[in-house]
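Hi,

Here is the structure I promised to pass on. Have a look at it first, and my notes follow below.

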Amino acid sequence: MDVDAAPFKQWYLQHYGVDIGRKNKTTAKKETTEETEGDDGATEEEKKRNHVLRKLEKRQEDHKLDPLIEEQFGSGRLLACIFSRSGQCGRADGYILEGKELEFYMKKIQRKKGKGSAGAA
C-alpha cells in the first residue's frame, strides 16, 4: 500500500537535519531561516542552536538512507505494509518497507505494470 511521505519527511528533517526527497539536499535549512528573521533573545537561541547542531551532527555520522527509500521520498509516496483487525476504524498499524522486502515488492509492482501495458497494446 502507498502512504504519504510528508510526515516522514518532516520527522527526518527534524531528527537528522536533512531535507530528503529533493534534488538538492539542504541541511539545517530551517535554522538558517530562523537566524535571518530576527535577533530577539539571541543569547538563548544561540546556546540552544549550538546544542541542536551538535546533536544533529552526531546523528548524521552513522546514518545512511537506502537509495530505494530516497527515490520513494522523491515521488512523495512510500510503500508500507499495513495490517488491521476486522472492524477496526480510524487507525492503521504497520511499517514502512525497506531492504529486501522493499526490493521484492518493487519488482512485483514493475512486473505488474509491464503486463498491464503489454496487454493494452
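**Around Leu 78**

In this predicted model, Leu 78 touches Met 1, Asp 2, Val 3, Ala 5, Phe 8, Ile 69, Gln 72, Phe 73 and Ile 96, leaving aside residues up to four places away in sequence; contact means heavy atoms within 4.5 Å. Residues are numbered from 1 along each chain as its sequence is written, and side-chain values use heavy atoms, without hydrogens and water. Local features need pLDDT of at least 70 and side-chain atom pairs count only at pLDDT 80 or more, while totals for chains, interfaces and linings use all residues.

**The core**

Leu 78 is also among the residues with the most contacts inside the largest nonpolar core, along with Tyr 12, Val 18, Ile 20, Phe 73 and Leu 102. That core has 13 residues. (A nonpolar core is a set of buried Ala, Val, Leu, Ile, Met, Phe, Trp, Tyr and Cys residues joined through side-chain atoms within 4.5 Å; buried means under 20% relative accessible area with a 1.4 Å probe, protein chains only.) H1, helix H4 (67–75) and S2 each supply at least two of its residues, and S2 gives the largest share, three.

**The sheet**

Three strands form an open sheet in the order S1-S2-S3, with antiparallel pairing. Strands S1 (2–4) and S3 (93–96) are at the edges with a single partner strand each, so one side of each has no neighbour in the sheet. Strands here are DSSP runs of E, at least two residues, and helices of H or I, at least four, numbered from the N terminus; two strands pair if DSSP finds at least two bridges between them. S2 (residues 77–83) pairs with S3 over four bridges, and Ala 80 stands opposite Ile 96.

Best wishes

Key: Buried means under 20% relative accessible area, exposed over 50%, partly exposed in between (1.4 Å probe, protein chains only).
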